[in-house]
Amino acid sequence: MGHRIAVTINGQRYEAEVEPRLLLVHFIREVAGLTGTHIGCDTTSCGACTVILNGKPIKSCTMFAVQADGSEIRTVEGLAQNGEFHPIQKAFWECHGLQCGYCTPGMLMAGVALLERNPNPTEDEVRRAISGNLCRCTGYQNIVKSILRAAEMMRGGAGVASGSPVGRGSPAQ
Amino acid sequence: MIPAAFEYVAPRSVAEAVALLRQHSYDAKVIAGGQSLIPMMRFRMAQPKVLVDIGRIPGLDYLREEDGYLRIGALVRHATMEHSPLIQERYPLLAATARVVADPLVRNLGTVAGSLVHADPAGDWAAAMMAARAQVVVAGPDGERVIGIDDFLVDTFTTALEPDELVVEVRVPIPGPRSGGDYQKIERKVGDFATAAVAVQVTLDEAGRCQQAGIGLCAVGPITLRAAAAEEALVGQPLDEATIRKAAALAAEAAQPTSDTRGSAEYKRDMVRVLTIRALRSAAARALKA
Ligand SMILES: Cc1cc2nc3c(=O)[nH]c(=O)nc-3n(C[C@H](O)[C@H](O)[C@H](O)COP(=O)(O)OP(=O)(O)OC[C@H]3O[C@@H](n4cnc5c(N)ncnc54)[C@H](O)[C@@H]3O)c2cc1C
Ligand code: FES
Ligand code: FES
């Protein structure tokens, strides 16, 4: 039996008739067509599917789309604005916060949610905030560095990188 | 994996939810945070025909002190407990528990009440609520009833709830002066279920002797266990090192661990002893300051 739901994703409204068993992550990827949100496991363990739902980071593979009816969702596609990367994206770029990139959308969303709640986190607070997100490549060091660097940029601290336009190649090292 | 098909209903009141549960009985399941139920449905270990989503019932997310109790509404999330100034200041046992339930993403959705109803012997809240001597408020067709936590938890994944009943609140008696508590958990990695964990709540009298003690053991039996002999050994005694060690040995005796991938039975039993010592020391120190 179909249910008509409407959710706002990155400011845009999506309406669809869905089966109750459709998981939110599948709604985001297949109905809204936003494939930046990844699926990395079957067991609610990895956090690759992390999105921000009504201001809080959650695992979108462990919620039914019908439960999200009426909510505001933010995904990795909503971070860049007007062709400019979000500071956290710039920081991941600058500090090598990713290797294969599979965990990255989830890490970015968990990181953004932290920084919006706590603009000046300690390293320990950063580590706790991403403790529901697994990365099989980086060993986390550079992810933690990236989020701390993003915090600095978002506070408008010294040494903020100048705009890194979306779509250019990675910076030369 | 994809769960089996089901019908979805989102009642707007407790009465409506109870009526739906009554109508569908064993075919229905309540969904709160979904952080235990959805994983089970994805593995098809649970295949409810009807899912009753209580997430849209207004007014179930309260967390406040009233009439001698801390009242935790059925939709209070683990993260709400973790970040609440009231919990941080006045309920060190619950604050310590909230920090180590699952991971921060799961904590944003999972509920305290849902964790108790799930009745996983490795559930952290059940052990904490046992130490805190909590009560569970249940709504059914004939109104509400209040069940003590020891009677609520019946067996592995089994509670005293009838199929047409709903948990609406978890109640913790407000601790008196000179009270303190702590939760000590060993986990293989952050976000994992406990290898073993111990919850402790104590109240001291004016002379510094233990007046009341609660000790709950997590993940070392088919169900959450109360270390009753250890509690008795504390009451009437000053919480000095000798008393603490004696109680810890009794708590270890009360454990019924089994060997699994998280550790051998022998190891877990000894960890109950160690964690009880640590939890009692810090609970006693907090009680002296409170
Ligand atoms: C990766 C991961 C790690 C985890 N680690 C831990 C951990 O370390 N420690 C721990 O304690 N838990 C852990 N959990 C479980 C988590 O705490 C769940 O949130 C909790 O067990 C269930 O709460 P929920 O609100 O999500 O319930 P749901 O999943 O919605 O429901 C669970 C059960 O309770 C019933 N139910 C829920 N609410 C009510 C109600 N008000 N009235 C009647 N029935 C109800 C449902 O029908 C279902 O049977 C983990 C979960 C995951 C996915
Ligand atoms: S896909 Fe792994 S937690 Fe959601
Ligand atoms: S960069 Fe490969 S999983 Fe994190």
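Mentor: Two residues are in contact when they have heavy atoms within 4.5 Å of each other. By that rule, 31 residues of chain A are in contact with 29 residues of chain B. The structure is a predicted model, in which local features need pLDDT of at least 70, side-chain atom pairs count only at pLDDT 80 or more, and totals for chains, interfaces and linings use all residues. Residues are numbered from 1 along each chain as its sequence is written, chains are lettered from A and ligands numbered from 1 in the order in which they are written, and side-chain values use heavy atoms, with hydrogens and water left out.

Buried area is the accessible area (1.4 Å probe) that two parts lose on being put together, summed over both. Between chain A and chain B it is about 2500 Å², and carbon and sulfur atoms give 63% of it. On the side of chain A, the most area is lost by Arg21(A), Asp42(A) and Phe64(A), which together account for 25% of what that side buries.

Asp42(A) also takes part in a salt bridge, that is, a side-chain nitrogen of Lys or Arg within 4 Å of a carboxyl oxygen of Asp or Glu. Its partner is Arg42(B), at 3.2 Å from N to O.

Away from the interface question, consider salt bridges within a chain. In chain B, Arg71(B) and Glu169(B) form one, with their closest N and O atoms 3.0 Å apart. This pair links distant parts of the chain, since Arg71(B) lies in strand β5 (residues 69–73) and Glu169(B) in strand β10 (residues 166–173), 98 residues apart. Strands here are DSSP runs (E, at least two residues), numbered from the N terminus. Both residues are buried, where buried means under 20% relative accessible area, exposed over 50%, and partly exposed in between (1.4 Å probe, protein chains only). They also belong to a network of salt bridges that includes Arg64(B), Glu66(B) and Arg171(B).

In chain A, Arg13(A) and Glu15(A) form a salt bridge at 3.2 Å between the closest N and O atoms. Arg13(A) counts as exposed because its relative accessibility is 56%, and Glu15(A) counts as partly exposed because its value is 44%.

Methods. Helix = DSSP H or I, 4+ residues; strand = E, 2+ residues; numbered from the N terminus.
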